[in-house]
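Okay, thanks everyone, let me grab the screen for a couple of minutes. I'd like to walk you through one structure, and please have it open while I talk.

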Amino acid sequence: MKMIQDFNFKGVKAIVRVDFNVPLDKETLEVTDDTRIRGALPTINKIVGDGGSLILMSHLGRPKGRMEKYSLKPVLPVLEKHLGKKVLFADDCLGESAVSMSAALKPGEILLLENVRFYPEEEGKPVLPDTATDEEKKAAKAELKEKQKEMAKKLATYADVYVNDAFGTAHRAHGSTAVIADYFPVDKRMFGFLINSELAAMDKVMNNAQRPFTAIMGGAKVSDKIMLIENLLNRVDNLIIGGGMTYTFIKARGGNIGKSLCEDDKLDLALKIIEKAKEKGVSLLLPVDSLNADKFDNDADTSVSDVDAVPEGWLGLDIAEKSIKEFSDVIMKSKTILWNGPMGVFEMEKFSKGTTAIAKAIAEATSKGAFSLIGGGDSVAAINKNKLADKVSYVSTGGGAMLEYMEGKKLPGIEAVRGE
Ligand code: AMP
């Protein structure tokens, strides 16, 4: 594998997998958040700056075949604005236009291919009727996997080198994210700057953390985060738990949680986590108080109680003052901070205070020298909403990919480029 910063792209044609899976306005189809486009700029600028040419490929949404509302065309003007130069567009990624436009590409030129997911072989997941038998499903999958190889092989013929910079899809073994790497020798494939910085940030937290290391886990369910929690118990000094998953732990400890979110089949698991934290010497912090609502609504009546005394019929939707203070104190003393998942139903103004307070505490700890990594769509949204993105050390662009990497799983998009 090559390092992009050491590679001279002069006269080289690169095919670059980026993550341009941006949100679009439903009516106008204009890009409403260009964070992901901006994330790819350092890699694009490096290749063009060296005197190379590049072919960009990405998915957008989850189209079923060719669907205009998932076209990458709306990305074009935004990309051109950021780069200050024209970008060519091929209205297909495998058809004649893509082949001829890639072949004609001159040094310094950029070509964007249409959505790779217009072809089902990109994902390799066959769309079958519910009535399909297991045999039929297996056969369809095998057939599509063959087509996926053909697709990847064809895309590889467009260029001399392959660059993967799509961290957001690195946990997918798709045609353009992983399989294509097999068609380039090891010295002709590399990561872009975005993937490199994501890997560096995660490595710093998981393998080189300065202590105390505090992880803050929130969000709806324990079941979604269990693998990460288990992996973190081997690494952190403090594990703060907030959000909806709190109440499964509290019920497991014998508390009253009213109608709060609870996974009754995870009560034993919650107790095991508490036990394991003790064994490992990890300080596990659960909220001590709860902001409760009489209904799941921003107009609900609210009351504060101890976290294990939520009134009958009420639901805990945020952490309250005492928990905010306890959590903030721990965060402020930390040197490494990982945050994944909100502390409450932050989408509703009334229940966003806990999440905002934690975001601010992380920003303040960062200003005092801590390294902070924020990952997962909702925590990133909370950081952005509070305009704190430049006050934390690193905001990950890949929720699912980050989670899987930190769980200790191998990411196909990373392995394929690294592999011998
Ligand atoms: P996740 O995707 O697992 O990180 O979960 C994020 C979601 O958890 C957000 O939509 C929050 O509204 C929700 N959430 C956070 N705290 C609670 C809570 N106390 N009760 C119900 N949902 C919650």
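Predicted model: local features only at pLDDT ≥ 70, side-chain atom pairs only at ≥ 80, totals over all residues.

We've got three strands here, and they make an open sheet with the order E12-E11-E13, paired antiparallel. Which strands stand at the edges? That's E12, residues 302-306, and E13, residues 315-319. Each of those has a single partner strand, so one side of each is left without a neighbour in the sheet.

Now zoom in on E11, which covers residues 289-293. Four bridges join E11 to E13, and the two run antiparallel.

Okay, over to the ligand. How many residues surround the ligand? There are 14, and the closest are Ala220, Gly244, Gly316, Glu347 and Asp378.

At Ala220, a polar backbone atom is 3.0 Å from an oxygen atom of the ligand. Lys225 brings in its side chain: a polar atom there lies 3.1 Å from a ligand oxygen. And with Gly244 we're back to the backbone, where an N or O atom lies 3.1 Å from a nitrogen of the ligand.

How much of the ligand does the protein bury? On its own the ligand exposes 500 Å², and 79% of that is buried by the protein. As for where that is, the space the ligand takes up is the second largest pocket.

Conventions: Residues numbered from 1 in each chain as written. Heavy atoms only, no water. Pairing = 2+ DSSP bridges. Near = heavy atom within 4 Å. Polar contact = N/O pair within 3.5 Å; in protein donor to acceptor, adjacent residues only side chain to side chain. Areas by Shrake-Rupley, 256 points an atom, 1.4 Å probe, with all protein chains shown as cover. 1 Å grid on protein atoms, 1.4 Å probe; cavity = no way out; pocket = protein on both sides within 12 Å on 5 of 7 lines; lining within 4 Å. Sits in = over half its atoms within 2 Å of the grid points.
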